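Hi everyone, thanks for coming. Please have a look at the sequence and the structure on the screen, and then I'll walk you through a few places in it.

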Amino acid sequence: MALSASLHLRQSQSLVMTPQLMQSIQLLQMTHLELNQFIAQEVEKNPLLELHGGDDEFGGSSEHGNREEAGQASGEDFGGPDEPSAQRDLYDNATATDGARLSEQLDADFGNVYQDDTAPQRADAPELLGQWKSMPGSGEGGDYDFDDFVAGRKSLRETLLEQLPFALPAASDRLIAQHLIDQLDEAGYLQAELHEVAERLGASGADVTRVLLTLQQFDPPGVFAQTLSECLAIQLRLRDRLDPAMEALVANLELLARRDFASLKKICGVDEEDLIDMLAEIRKLDPKPGTSFETSVSEAIVPDIVVRAAPDGTWLIELNPDALPRVLVNQAYYTTVSRGTEKNSADQAFLNECLQNANWLTRSLDQRARTIMKVATEIVRQQDAFLVHGVGHLRPLNLKTVADAIKMHESTVSRVTSNKYMLTPRGLFELKYFFTVSIGSAEGGDSHSAESVRHRIRTMIQQESADAVLSDDDIVDSLKQAGVDIARRTVAKYREAMNIPSSVQRRREKRALAKVSGF
């Protein structure tokens, strides 16, 4: 068989993942904070991009500032036509350099009134006055930043280190204590084995234990514990409430979690009234004493879509302007710079690349906003009953239904609904909240949403009494009477996911609470 070279013409379609396409996909699934960080990086490295914001954000003049500048330019005062002439004269005198006229009109000598405050400062501490004038915002037209005057919050480590010199005078003990402080987690628990600490520092186990017992008396009470039982015991010991009965209760917290109060009464050797008092004492303790020193700031969720009721009974759906980045391409700057780079091919290529990237970014942001709007509009259309009547009318919905309605791929809808939030009259919800599994109907009608079924289970359990606690079988029967075909194991799974104990544990807890209220 002879080998020969030949040419063939073939036509095919393929999807090439260019860097711009990958950037568009990444922008679609970014959160509000991630998008702002990404745009800030792009603006920093691309000279043709600029952020467009309000006048207040970028140093624009307010209405008062514009009036003031206009008044200075025209030489007119700011006294309105209805303002008394005497008041305008008073303002004029106040701004004049000659203070004698103001003193004569008001019959007061301001030099005598404020001499104790002003004279010593000018005479004795002129450097302090200069420092005050050099502070940010202290100049003319400046504003004070009150965050500069707020005291910083102390961390757990700083609080413990401040107490250390008063409790442990020996340098070797302080060294062990500092190492133990470094082994604390955010909750204030000790995450280290004592024998490992002793080996690492070359100290004896008795010294490490002695230092640890001293540290366990520090504030906040309960720090340096290794277990929850030890943390509660430390706090009870500092309150002088750690008697043998309380020690037995703290040592059997698993029975307390199961609401097995009958076993706890036998183990602790107390009657029902004493057990109720002990449980009330336990509730006053802090299981995580270190969390009160947490310095991380919780950030508020910024909704991407806002839904409001319209006067005609429909829904107004709009993108939140606070979540929309305003990025513009400075065409005037490009035109000015490109005139000077016509002879330099490298500079012109860099400028063209910046223009191309800037245009692509603005188009990608616009396409991102349009896609979010399409998905949100279809979700509102599908879940209209939820917005009107509540969680009980939430319909089952999947990604394919929304994707087919807006003629997009399911992966695109999945990216849009990730970490995006919608503000509705019912509250703030993530877009994925509206997508729930379908549960069949017992009467052959419309299927039910899994979230609405969980809401019904939670409502039934909240309304039960101590004498009529519903078991999982009772809940199944009630749901079937309401037209929901659900299995018992599904009810148990939903109940455990909502951290609702079993019927036996709920009965024990409700009876105990009823007796507590009786006392």
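**Rings, a sheet and a helix**

Let's start at Tyr-433, which has a relative accessible area of 22% and is therefore partly exposed. Buried here means under 20% relative accessible area, exposed means over 50%, and partly exposed is in between, with a 1.4 Å probe and protein chains only.

Before going on, a word on the source: this is a predicted model, where local features need pLDDT of at least 70 and side-chain atom pairs count only at pLDDT 80 or more, while totals for chains, interfaces and linings use all residues. Residues are numbered from 1 along each chain as its sequence is written, and side-chain values use heavy atoms, leaving out hydrogens and water.

Now, which ring pairs does Tyr-433 form? Rings of Phe, Tyr and Trp (its six-membered ring) pair if their centres lie within 6.5 Å; planes under 30 degrees apart are stacked, over 60 edge-to-face, and the rest tilted. The search of the whole structure finds six aromatic pairs. In one of them, Phe-386 and Tyr-433 are tilted, at 6.2 Å centre to centre with 55 degrees between the planes. Phe-386 belongs to helix H20 (residues 384-389) and Tyr-433 to the loop between E6 and strand E7 (438-439), so this pair ties together parts that are 47 residues apart in sequence. Helices (H or I, at least four residues) and strands (E, at least two) are DSSP runs, numbered from the N terminus.

Tyr-433 also pairs edge-to-face with Phe-434, at 5.7 Å centre to centre and 80 degrees between the planes. Phe-386 counts as buried, at 1% relative accessibility, and Phe-434 is buried at 1% as well. Ring pairs link Phe-386, Phe-429, Tyr-433 and Phe-434 into a cluster.

Next, the sheet. Its four strands form an open sheet in the order E3-E2-E5-E6, with mixed pairing; two strands pair if DSSP finds at least two bridges between them. At the edges are strand E3 (315-319) and strand E6 (427-430), each pairing on one side only. Strand E2 (residues 305-309) pairs with E3 in the antiparallel sense over five bridges. Five residues separate E2 and E3 in a hairpin, and Gly-313 in the turn has a positive phi of about 95 degrees. E2 and E5, by contrast, run parallel and are joined by two bridges, with Ile-305 opposite Met-422 in E5.

Finally, let's look at helix H1 (residues 19-28), where Gln-23, Leu-27 and Leu-28 are buried. How do the buried residues of H1 fall when seen down its axis? They are within an arc of 135 degrees, so they line one face of the helix; the arc is that of the directions from the helix axis to the C-beta atoms. These buried residues pack against helix H2 (32-45), H19 and helix H22 (410-417), where contact means heavy atoms within 4.5 Å.

That's my tour; happy to take questions!
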